[in-house]
Structure formats: structure tokens, C-alpha cells
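Please keep the sequence and the 3D view at hand while reading.

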Amino acid sequence: MIVSKFGGTSVGSAENIEKVIEIAKQKKEQVAVVVSALGGVTNQLIRASELSLEADPGYENILNELDSRHKEAIDALLQADFKEAALQHLKETLDELRMILQGVSLLSDLSGKSAARIVSTGEILSSYLITMAMKQRGLKAALKDSRQLIRTDDTFQNALVDYDFTYSNIAEFFASTEAEIIVLPGFIASNEKGETTTLGRGGSDFTAALIANGAHADCLEIWTDVSGMYTANPKLVRQAKPIESISYQEAMELSHFGAKVLYPPTVQPALDKGIDILIKNTMEPEAPGTRITEKTKVNGSLIKGISHIEDIALLTLEGNGMVGVPGISSRLFGALADELINVKFITQASSEHSICLAIDDQDTARAKKAVDREFEFEILKNRVDPLVVEKQLAIIALVGDQMKSHQGISGKMFSELGHNNVNIRAIAQGSSERNISAVIREEDVKKALNVLHASFFEAQIKQLNLFVVGIGNVGGKLLDQIENQQKFLIEKKNLQLRVIGMANSRKMLFCEGGISLDNWQQQLDSEGETSDLDTFFNRMTDLNLRNSVFIDNTAHEVVTHLYSRCLKESIAVVACNKIACSSAYTNYEELKRLSSKYQAPFLFETNVGAGLPIIDTLHNLIASGDQIHEIQAVLSGSLNFVFNNFTGDRSFYEVVKQAGEEGYTEPDPRIDLSGVDVARKILILMRESGILAELEDIENRSFLPLESLQAVTVEDFLETLKASAGHFADLRKDAEAAGCKLKYVASFKDGKAEVGLQHIAPDHPFYNLDGKDNIVLFYTDRYLEQPLIIKGAGAGADVTASGIFGDIIRTGNL
């Protein structure tokens, strides 16, 4: 036979009860159907008992609500004689309930006996209703009152079962009944006098397990509103999936650490008998669910699930007076036991200097008072410190029978959490190695679950969550490239990029599930909020997503102030904004230090050569033991474009204007033409080579006339270019007369650097540098006579965006 238990949600409406009936109808063998009260009814009954104790007539309203709800179900499910019988049963049951509540109200006394009778009403009503509905549909169903089978002590609530008597009753009944379907109310039992008692939390599961044991069932089915036990909480981890098969021990561990499908103590009778437990979904009965068995085969991951408990507090008792003193632990746990405080997690330093344990957050005040009272003498003598309490924590646990026979599971767990800035407050692992638990901040639970689930269960597709500031020319191209490459990255690189937040100077937009990149501009315009960098940062950290990457596509100094704040939160930073890396050396060094300390990549390849792999190549040279002696470079695609197109047929002003219109210069062309931009780039290369230098250390030999350098506005600056047309023409003519071309060159040698306009002879590698191309020559120990040359497009939105894109991908590989 089979025992099928249906919870409150499974019988919460007439529609769901029809599904329950259909499930029972499909069984090929005898089935015992154990039902809970209609969803929410038990809570209403508890509230009614509280109101009656307070002499509050409001309990009558609850009785009316219960009457209406059950009549609604009766109207939908029953007809004729069956309906009349159910209505009569409802009336009699509620009349009896009303009398009990009136007695509680008059006496101002709610005894355990009365409380048990009150809360048992829900199961009494639901089991009768469902039996009548089955009979009306022609099923050979019978109602059996569980109180006639399950014997308990006189506790009334959370009553203790007399197992021998109960199992004998159950066996005798099922051996004699000819009914194909036996409906039983869950949760309720009776004492030796026949008085109603209840079985406490998970009572309906307990009833079903007792029936399964006593009737020697082949399987215990627990029907609920989810398709089994999941690898993680599906509300927090979208990729969580049902576990096909799991051992008793694994299921108990997951249930203890927050998996709500199963309450471990209640199914123990089934475990004692070696009966398989099948967790199924009433709303999706065709789904396979989760089978809980004595032993399971290892398929794929060694980890069966990840679970967690929230609202946890960590208690720490420490002091030199604890070392080597027997009985400290006994006194600590005794003090907590006296207050009926359950300990969920324990760890102790091998030095015996401290004991750390976790309890429910709501118990902290009583716990501290009890422990400090127990160790009052030791605290007075400074042998033990007062109990330290930390709140707003959670326990997260990896569970799997096979972990004990494989190395590196805990190392992988802690490494993944650390990489994502999830701080671990305490660690515990039992000798069975079936469970590895850690205490973390409650606000990190969602991120931790997703990080661990991706690491242990998913097909190693790493998800990067991007927050993009600057979505103009370069930023817009970057978003286009990300959208176009999504499929390739998933299939070939095992990377999934999601843009979670974006901002320009006016608006910002967030979507935790990822912004759709095919219409992001319309979304930003219609749904965006006023842009604010502090708010942007706070929203980013509040989301607390794994593998977050902050991307700066601007040229604004104020945006760089977020870099250190991001790195401290283990949020990677990718920047084409070169201000930070060319600012004061102490700031540059601090950003590097934070990146290393918090394991958050800080990448800025596009600072120097747009999409060219200049910094990456430099890093590889140094990492392999090479040493940089000299750098010669044309590092401004903008200036190279300007001087390549300044051939005499147009004025210098007209060429600069064209460069701006085609996106080769900054909106403020003074940044490019003043040489400051190039000076920043060579400074960054020097620093990445290991040279301690400041921007002021670089000699900037500007080719601009004094009036251009002193221009206050962009408009004034452009006017000076018109007025100084003769000056620029003379520069070009002088170069042509010498058979040379004008190139703006950055150079570093012997610890000194300079930038400036130079005459480049035809035999020089820079001479044929076309369009907006950049070129860098590295002279090193290995490339002493013939330099290592990197050459290619050094300006333009597409190539700059591709360089940023490359850095983003690189963060996913670090």
C-alpha cells in the first residue's frame, strides 16, 4: 500500500481538492490519504483561541469566515445528499467549536486540552469534506478518525506517541478494512481517555509516517506545492533544480538547515522502517519529485544540496580562564537548556580559549542573560569575558553523503565565497563530513547561495553582473557588442553577461534580472530614475550580486571616486577612464592594493591603447622575468589622425573639427591636443613597469601656442586654432622640408619620460603609421636591438569598446 499526505496548500481550494482526488484515483493499490486542514485554517483557529482568551468577541468573525470558506468548498465539490451531509457536519463541528471558545472566554482560561480541541477542527472538517467528495465521484473511500488509531500521552499539544500501541492499532485496522482509499485527518490523536491531542509542528507528516510504519507501506508520499527537494531555495536561486534521489541522512541535513519540505522528527517512523519517502507536487503530479531512500547513487555533483537558516545570532564565550578547565561547555549548554534555547551550530577553538555557537535571533536576550548569570563569578574575576552576541546572521550549509571521500570541497566552498566578498564568521563540519556549515551575514545569503550553486551544480557557466556608467558613444557600442556576443560567450567561453545597471549623466536604470539590450535606450528613457553616483553605488551593493563588475566609460574624475568603494566590496572595476591610474601615485597604489586584498580585478587596458593589448603584453613581459629599458610610442590615435590628415589642403582647425565629429577626440579636444592625455598614458605604462612616477615628472613639450593653452572654454580654444592657423602651417612645412612627418611621441628611457611633437624620418617605424593607429615599441632585455612592436587602431568607439569588452571577459577568467 501507499500512504499519501496532502498539506494545507494541496487542499487549500476546491480546485486543488479535485487534483487530490484525481491523484488518489490513479493509485493501483490501497492508499491511505492523510490530509491537513485547508490552507491557513489552523492559523485562524489559533487566532480564535487567543481572542477568546482575551474575551474578544472577534473570534466570532473567524468562525463566520471558516463557515463561509468551507461552505464555498462544499458548494463547489458536492451535490444532493453528499452536500447535505457535509453541511450538517460543518454546522455540528462549528457549533462544538463555538461552545469551546465561549467557555475559554468565560473562564479566561485556555488549557492544553481546550487548545488541542480547537486546533484539531481544521483537519476534522477537511477530512470529512474530501471523503464525501471522493464518494460522490464513485470511489471506494472511507473516513477513519486518526484519534482511533494514534495513542499519545496527556500532553495534549506536542503529545508523545505510544508507538507500540499505535502501530498495533494501525496494523489491525488496515488488515481488516476493504476500502480502497482511507482518508485520515492529520495532526490529531488521542490519549488513553479518548481525549483529543495534537502532534505538534509537522503533525500531518507525523501522522502519515506513523500510518506508513504501522501499515507496512511500500512508500510514503508527501504532496506539497513544490516539485520535491531542490538543490537550493528556488526563490533565491533561479537555476535551482529538483533533486531526483537523496539519502535519508542528506534529506535530514537539508531539512535541518532550512529546506521547508520536510520536518525531520515527523518522518522518523518511516525511516525506522526503511520506507521510501517521495516528495511530490500536487499542482504538477507528473513531475518526478524527490525520492528519499536509505542509500542513493552518486550522479554528477558530490553535493546534493545547499541550504540555509536565516535570523541567526552567533554567541561567543571566550577568556583565558576557560583553557584546561573541565565543565565549561557543560555549564554553557546547561544554561541555554534551562531557558529551552535550541543550539543550531557549535564550533570551538582547539586552544579551548573560546566556544562559538549559533541560536535563533529571537532567543539572544534570554541567552545572554542566562550565560552571563552562569559565569558571573568568572566574569567578575576577568577569567571569562561577558558573552558576545552578533546578530543579523545566517547559516549556509553544503550537504552530501559523498563529500567525505573527496578532497577540496571545503576549500572550493570558502574560496568561492571569499572571492565574492562573503565574509565567514564561523565554520563547522561534523566527523561524518556530510555537512559543511558556515555562518555569514544575512544580507549575503542570496549571493552566497548563487555563488555556491553555480560552482557545484551548474555547467560551469560563470555569470558576470555588469553595472555600466557612461552609455554614450563608447558605452553604447559596448552594449551592442555584449548583446551580439551573448550566444558565443555562453557556448564557447562559458560566460553569461548580464547588464544589471546603467547610467548616464541624466538617468540610471536597474533590473535585477538583467536589462534587455535590444531596447535599453527606450527603457532608460521611460523607466530610468534621476542619475546619482552615490545612489548608483548603493543600489549596486544592495543587490549584492555575485561576480559584479563596475564599468566606467566616462572621462570624469568624480566617477573614479567609486573605484575604491567598489573594490572594498569585491566588485571588479573595468575602466577606460585613465584619470585614476594617472592620479597621485598613492591613489594608484591604493587601488592596486585593494584589488589584491579583496580579490577584485582592476583592469584598465583601454587607458593606453583603446583595444590594443599594450598593458597585457607589458604584464606578460614582466611576469616572465623580462625588464623594460625603453618605451617609444605614439599613444594618441586622435593626434595621429589629426596630423595624418593635416596635409595642407585644410586648416588645422578644420582637421581638429573633423576628428571631433568622427569621435576621435574627447568632447573637449584640449585634453588630446594639450598632450596631457598622452602624458597620462606613458605615466601608466611606467607605473605598470614598476616605476614610481607622478604626472609632473613627465616633460610635456606642447606644440600649442600660448593663447590656446590659456583658453578658458572649448569654444575659445577652437577660436585660437583658427587664429593660429599660420603657426600650425609652419609646423607642417618645417617637417615636410626635412622630409619628415609630424607625430606626437611619448618616450621613456633611463627613468625619464617626455611627450611632444617630433619629426619622424622615413626609416622610423612611426613614419607609415596611418589614420588613427597607435604604436608602441618595447625595448627590453630580450628585445634589446629589435623592439617588440604593438600596432593597430588606437581610437574610435568600436575599438575602445572592444578593449573594455576584453577586460570584462578577463574578469570572468581571473
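## The largest cavity

The largest cavity has a volume of about 100 Å³. The model in which it is found is a predicted one, and the structure holds two cavities of 30 Å³ or more. Around the largest cavity there is a lining of 14 residues, and among these His419, Asn547, Ser548, Ala572 and Pro601 lie nearest its centre. Two elements each give two or more residues to this lining, namely strand E17 (462-469) and strand E21 (548-552).

When the lining residues of the largest cavity are sorted by class, six are nonpolar, seven are polar and one is charged.

## The second largest cavity

The second largest cavity has a volume of about 60 Å³, and its lining is made up of His70, Ile74, Ala86, His89, Leu90, Leu125, Tyr128 and Leu129. The elements that supply two or more residues to this lining are helix H3 (59-77), helix H4 (80-107) and helix H6 (121-136).

By class, the lining of the second largest cavity contains six nonpolar and two polar residues, with no charged residues.

## The second largest pocket

The model also has pockets, and the second largest pocket has a volume of about 1200 Å³. This pocket is lined by 46 residues, of which Asn553, Thr554, Ala555, Glu666 and Pro667 lie nearest its centre. Several helices give two or more residues to the lining of the second largest pocket: helix H16 (473-493), helix H19 (557-560), helix H22 (606-609), helix H24 (637-645), helix H26 (670-673), helix H27 (676-688) and helix H31 (797-813).

In the lining of the second largest pocket, 18 residues are nonpolar, 22 are polar and six are charged.

## The protein as a whole

Stepping back from these spaces, the reader can count 31 helices and 29 strands in the protein. The radius of gyration of the protein is 37 Å, whereas the globule rule gives 28 Å for 814 residues, and because the value is well over that figure, the protein is more spread out than a compact globule. Taken along the principal axes, the box filled by the C-alpha atoms is roughly 120 × 70 × 55 Å.

Of the 814 residues, 53% count as buried, and the accessible surface of the protein comes to about 35500 Å², with 47% of it belonging to carbon and sulfur atoms. Among the contacts with a separation of 6 or more, 72% are accounted for by residues 24 or more positions apart in the chain.

## Two asparagines with positive phi

Most residues other than glycine have a negative phi. Asparagine 421 is not a glycine, and yet its phi is positive, at about 60 degrees. Asparagine 421 sits in the loop between helix H14 (409-419) and strand E15 (424-429). Is asparagine 421 buried or exposed? Its relative accessibility is 17%, and because buried means under 20%, asparagine 421 counts as buried.

Asparagine 494 likewise has a positive phi, near 55 degrees, and it lies in the loop between H16 and strand E18 (495-503). Asparagine 494 has a relative accessible area of 34% and is therefore partly exposed, since that class covers values between 20% and 50%.

Phenylalanine 333 has its place in helix H11 (residues 328-338), where it is partly exposed, with a relative accessible area of 26%. Which residues does phenylalanine 333 contact, leaving aside its neighbours within four places in sequence? They are Val343, Ile346 and Leu357. Phenylalanine 333 and threonine 231 are 102 residues apart in sequence, and their C-alpha atoms are 33 Å apart in space.

Histidine 727 belongs to helix H30 (residues 725-737), and at 32% relative accessibility it counts as partly exposed. Not counting residues up to four places away in sequence, histidine 727 touches Phe703, Leu704 and Pro705. Histidine 727 and glutamate 29 are separated by 698 residues in sequence, and the distance between them from C-alpha to C-alpha is 101 Å.

Terms used: Residues are numbered from 1 along each chain as its sequence is written. This is a predicted model: local features need pLDDT of at least 70, side-chain atom pairs count only at pLDDT 80 or more; totals for chains, interfaces and linings use all residues. Side-chain values use heavy atoms; hydrogens and water are left out. On a 1 Å grid over the protein atoms alone, a cavity is a set of points where a 1.4 Å probe fits but cannot get out, and a pocket is an open set with protein on both sides within 12 Å along at least five of seven lines; lining residues have an atom within 4 Å of a point. Grid points are joined across faces, edges and corners, and a volume is the space filled by probe spheres set on the points. Helices (H or I, at least four residues) and strands (E, at least two) are DSSP runs, numbered from the N terminus. Ala, Val, Leu, Ile, Met, Phe, Trp, Tyr, Cys and Pro count as nonpolar, Asp, Glu, Lys and Arg as charged, and the others, Gly among them, as polar. The radius of gyration is taken over C-alpha atoms; the globule rule is 2.2 Å times the number of residues to the power 0.38. Buried means under 20% relative accessible area, exposed over 50%, partly exposed in between (1.4 Å probe, protein chains only). Contact means heavy atoms within 4.5 Å. Accessible areas come from the Shrake-Rupley method with a 1.4 Å probe; for residues, only the protein chains shown count as cover.
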